[in-house]
Amino acid sequence: MRGTFVLSLDTELAWGSFDKSFGPKLVRAAQWENREGIPRLLDLLCGHHISATWAFVGHATLDHCTGHPEMEPVGYDWYSGDWFQHDPASDELRHPEWYARSCFLKVLRAPYPQEIGFHSFSHVIFGNPGTPRKRAIQEFAACRAIAREFEIQGDAFVFPRNRAGFLDELREAGFRTIRARDMSPIHTRYSAANNVLGVLADFFALAPLAVSPYLDHGLVALPGSLMLRAMDGWRRLIPLRARRARIMKGIDRCIREGAIFHLWLHPINLYREEGKMFELLEECCECVSLLRDRGDLRVATMGETAEKYLASIEQGTKMICASA
Ligand SMILES: [Zn+2]
């Protein structure tokens, strides 16, 4: 059978974790992501003729800003103060950890086409009651405005921390596709247990699941199969060979089942052990391009996957109508 490989990238600079820990470590990693990580990853993908979905935090696509007083405040129990208190209201030259217009343009004009999607405007947590509806709508609208400015479709959305919320508002804003939570080979109804099981799955290199899209609130939801974790803290203990094995098993399984292997990662997480992480991705890209050239694998973006799925629904409806 023929499988499909989808890669989505949560491209967020310092926006992705400033609320958990903000300091020189995060700034260094985010500056690296802007200057080295994103360009290197883009070169790797284009070199192998692989299109990925780059889910940008909208603010990270700006080259400057002057603050955001119009944005409805959020209130979370783990973070005090204004959400934009670290935003320097400056520009990419001075603060490449918050602004990466140059990277956004590189992805937009890449020699091999890439899909631009969004990861919210400022990485607020939509599934949390501390995010008011008004702010959610503002976040979606700010992303759509960027898409309009650059005349791109930009209708794939990845929720920060995969905490979905305001799906009707997201659809009404013009988005069409979302990344749903990962489907895990071992799963319980308790989220804390699932986190532990997810870590064990990495250590023991369990085969990730092949996934299929479905409709959720009128949006095409594509679950993740596997998140490639950073090599920092305890995550360094996950052996490289187990990481490699999981990716290869995921590719193998999607071909056997004629389904989708949806790999995702945060480019900022390639900073630690950069050499090893890129070596792993290089192997992955080589394998994907080889199987694609052999006709066993198709490479698709989230948007292309949604298009194909919607076309198949339409075709199915036509067939039912015709036979009725
Ligand atoms: Zn700003």
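Colleague: How does helix 1 pass helix 7, in a left-handed or a right-handed crossing?

Modeller: Helix 1 passes helix 7 in a right-handed crossing. A crossing is right-handed if the near helix is turned clockwise from the far one by less than a right angle, and left-handed if anticlockwise. Helices (H or I, at least four residues) and strands (E, at least two) are DSSP runs, numbered from the N terminus. The model is predicted: local features need pLDDT of at least 70, and side-chain atom pairs count only at pLDDT 80 or more, whereas totals for chains, interfaces and linings use all residues. Residues are numbered from 1 along each chain as its sequence is written.

Colleague: At what angle do the axes of helix 1 and helix 7 cross?

Modeller: Two packed helices are described by the angle between their axes and the distance between the axes. Axes are lines fitted to C-alpha atoms, for helices over the stretch in contact, and angles run from 0 to 180 degrees between N-to-C directions. Here the axes of helix 1 and helix 7 cross at roughly 20 degrees and come within 10 Å. Helix 1 is therefore roughly parallel to helix 7; angles under 35 degrees count as roughly parallel, over 145 as roughly antiparallel, 65 to 115 as roughly perpendicular and the rest as oblique.

Colleague: Which residues of helix 1 and helix 7 meet?

Modeller: Two residues are in contact if their C-beta atoms, placed from the backbone, lie within 7 Å. From helix 1, Arg40, Leu44 and Leu45 meet Phe278, Leu281, Glu282 and Cys285 of helix 7. By class, this contact has five nonpolar, no polar and two charged residues. Ala, Val, Leu, Ile, Met, Phe, Trp, Tyr, Cys and Pro count as nonpolar, Asp, Glu, Lys and Arg as charged, and the others, Gly among them, as polar.

Colleague: How does helix 6 pass helix 7?

Modeller: The axes of helix 6 (residues 240-257) and helix 7 (residues 274-294) come within 11 Å and cross at roughly 20 degrees. These two helices are therefore roughly parallel to each other, and helix 6 passes helix 7 in a right-handed crossing. Residues of helix 6 including Ile247 and Ile251 meet residues of helix 7, among them Cys284 and Val288. The residues of this contact divide into nine nonpolar, no polar and four charged.

Colleague: Which members of the largest nonpolar core touch the most other members?

Modeller: In soluble globular proteins, nonpolar side chains tend to be buried together. A nonpolar core is a set of buried Ala, Val, Leu, Ile, Met, Phe, Trp, Tyr and Cys residues joined through C-beta atoms within 7 Å. A residue is buried if 20 or more other C-beta atoms lie within 10 Å of its own, exposed if 12 or fewer, and partly exposed in between. Of the 80 residues in the largest core, Phe5, Leu13, Phe56, Phe157, Ile251 and Val288 touch the most other members. Its largest share, seven residues, comes from helix 1 (residues 24-47). Leaving aside neighbours within four places in sequence, Val288 is in contact with Phe5, His48, Ile50, Ile251, Leu297 and Val299.

Colleague: Where does Ser120 lie, and what is the value of its phi?

Modeller: Most residues other than glycine have a negative phi. Ser120, however, has a positive phi near 75 degrees. Ser120 lies in the loop between strand 3 (115-118) and helix 3 (133-149), and counts as buried because it has 25 C-beta neighbours inside 10 Å. The phi of Glu273 is also positive, near 55 degrees. Glu273 is placed in the loop between strand 9 (260-265) and helix 7 and is partly exposed, with 17 other C-beta atoms within 10 Å.
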